[in-house]
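Trainee: Hey, can we go through this one together? I'd like to know what to look at.

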Amino acid sequence: MNNVKIIGVGSYAPERVVTNFELSEIVDTSDEWISSRTGIKERRITEGENTSSLAAKAALGAIKDAKIDPLELDLIILATTSPDSFTPSTACLVQAIIGADNATCFDIGAACSGFIYGLNVATQFIKTGAAKTVLVIGAEVLSKILDWEDRSTCVLFGDGAGAAILKRSETNGILSIFTGSDGKGAEFLECPAVSVKNPFVTKNHEKTEVISMNGKEVFRFAVKAMPTGIEEVLKDSPYTIDDIKYIVPHQANMRIIEHVAKKLNIDSSKFFINLDRYGNTSAATIPIALDEMSKAGLLESGDKIIIIGFGGGLTFGSALIEW
Ligand code: ACO
C-alpha cells in the first residue's frame, strides 16, 4: 500500500460579511441570542457566486500551495450539500474552471462530514495505486437552501469552500481515518431535493427545498460522535491525546465543542475555532480551518492533528493526520 500526504491546502469565502446585527433586521433574533447559544458572530454570504465558483477558488489556492500543475490531478472529489445542479456534478464544473483535464471527477453527499468522507475515498484511491494526486474539496452555498424566515436555522450557516491536495508520498500523513453513518437519524437534519412530480403521482408529498433541523437531537448526536471520532483514530495508533497538537472539529456550534472538551477533559485551547467568523459552512468548515491554520503558521511538519466531522445523514468521521 502507498503512503498518502496532504501537500497543499486552500480556501475561499465570499467577501460579503453578514453580522448577527444584520440578521436581527431580517428575522426576530439578536446578537446576544446567537452569540451565547452558538458562538457565531458573523458569516460570509455569497452575493451571486455559486458553489462551483467558491470551490474552484479554494482549489486554485490548494494547487498553488502544493506547487503542482492542475494537469497532475487524476481525481477530484467534491463534497457538498448545495451543488450547482444535479448534473453535471460540481466537481466537473471545477475541473473545467481549473483546467484539470486528466482528472476523474465526482461529488459526494455526506453533509458536514463530507470533507472527511472525501479524504477517506481519496486516501483509498492513493493507497491502492488507483490515483496519485487527488484534489478534495468541501464547498457550500448554504444560503440558497436556507429558509430566511426561520430564525432557528438561518442564523447558523454560512457560505465557503476549502480544499486539500493529497499525493502519494514516501512518508505517511494520513495515519488513520474513520467514517460512520446512522440513517435512522436522517430526519434530524434535512434538506429535501425536488419532490416527486409526474402525471402519475397520486399523492402530493411536496416538501420545501430548505434546511430543517431538530437542534436538540443534533446536539445529542454531535456530543457522542465527537468523542467516538477521537477514540477511533487514536486506538490503533501509538499516540494519546497528549501527542495531538490540535483538534480541528466541524465548526457547528461552540457549545458542542465546549461540552466535548469538558467530557473528555481536554483543554479547550486544543480545539481550533473559527466559527465565530464563518458560522457553519458544512463540508467546508474543516478545510477552511486547515488552510487558516497553515497560513497562520500553526502547523509545522510532523505535528499530529485530529479532524472530526459530524452532520446530516446522520454521518460522522475523523482522521489522525501528521502534517
Ligand atoms: N433567535 C432568537 N430566538 C431563537 C432563535 C434565534 N435565532 N432560534 C430559536 N429561538 C428561540 C426558539 O423559538 C425558542 O423559543 P420559545 O422557547 O419561545 O419556543 C427558544 O429560542 C429556544 O429554542 P431551542 O431550539 O430550544 O434553542 P436551543 O437552546 O436548543 O438552541 C441550537 C438551539 C443552538 C440550535 C441548539 O439546539 C444546538 O446547539 N443544537 C445543535 C445543532 C447545531 O449546532 N446545528 C448546527 C448545524 S447541524 C450540523 O452542523 C451537523
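Trainee: Is strand 4 mostly enclosed or open to the outside?
Mentor: Keep in mind that this is a predicted model. In it, strand 4, residues 75-79, is largely enclosed by the rest of the structure, because five of its five residues are buried.

Trainee: Which residues sit on each side of strand 4?
Mentor: Leu75, Ile77 and Ala79 are on one side, with Ile76 and Leu78 on the other, and all of them are buried.

Trainee: Ok, and which strands does strand 4 pair with?
Mentor: One is strand 5, residues 104-108, which runs parallel to strand 4 and is joined to it by five bridges. There, Ile77 stands opposite Phe106. To get from strand 4 to strand 5, the chain passes through helix 4, residues 90-98, in a right-handed β-α-β crossover.
Mentor: Strand 4 also pairs with strand 6, residues 133-141, again in the parallel sense and over five bridges. In that pairing Leu78 faces Ile137.

Trainee: Switching topic: how is the chain split into domains?
Mentor: The domain assignment gives domain 1 as 3-170 and domain 2 as 175-322. Their C-alpha centres are 14 Å apart, and the contact takes 47 residues from each of the two domains.

Trainee: How much area do they bury between them?
Mentor: About 3,500 Å², with 65% of it on carbon and sulfur atoms.

Trainee: Which residues in domain 1 lose the most area to domain 2?
Mentor: Cys112, Ile116 and Tyr117, which together make up 19% of what that side buries.

Trainee: I clicked on Ile177. Where is that?
Mentor: Ile177 is in strand 8, residues 174-181. Among the residues it touches are Ile116, Leu119, Val233 and Ala319.

Trainee: How far is Ile177 from Ala319?
Mentor: Their C-alpha atoms are separated by 4.2 Å, although the two residues are 142 apart along the chain.

Trainee: And why does Ile177 count as partly exposed?
Mentor: Because its relative accessibility is 21%, and buried means under 20%.

Trainee: Last one: what does UniProt list for residues 234-323?
Mentor: An unreviewed UniProt entry lists them as the domain "Beta-ketoacyl-[acyl-carrier-protein] synthase III C-terminal". In this model, that stretch is 31% helix and 22% strand, and its end C-alpha atoms are 16 Å apart.

Conventions. Residues are numbered from 1 along each chain as its sequence is written. This is a predicted model: local features need pLDDT of at least 70, side-chain atom pairs count only at pLDDT 80 or more; totals for chains, interfaces and linings use all residues. Side-chain values use heavy atoms; hydrogens and water are left out. UniProt positions are given in the numbering used here, feature names are shortened, and annotations may be inferred rather than shown by experiment. Helices (H or I, at least four residues) and strands (E, at least two) are DSSP runs, numbered from the N terminus. Buried means under 20% relative accessible area, exposed over 50%, partly exposed in between (1.4 Å probe, protein chains only). Contact means heavy atoms within 4.5 Å. Two strands pair if DSSP finds at least two bridges between them. A crossover is right-handed if, with the strands pointing away from the viewer, the path from the first strand over the helix to the second runs clockwise. Domain bounds come from an automatic or database domain assignment. Buried area is the accessible area (1.4 Å probe) that two parts lose on being put together, summed over both. Lists of a residue's contacts leave out its neighbours within four places in sequence.
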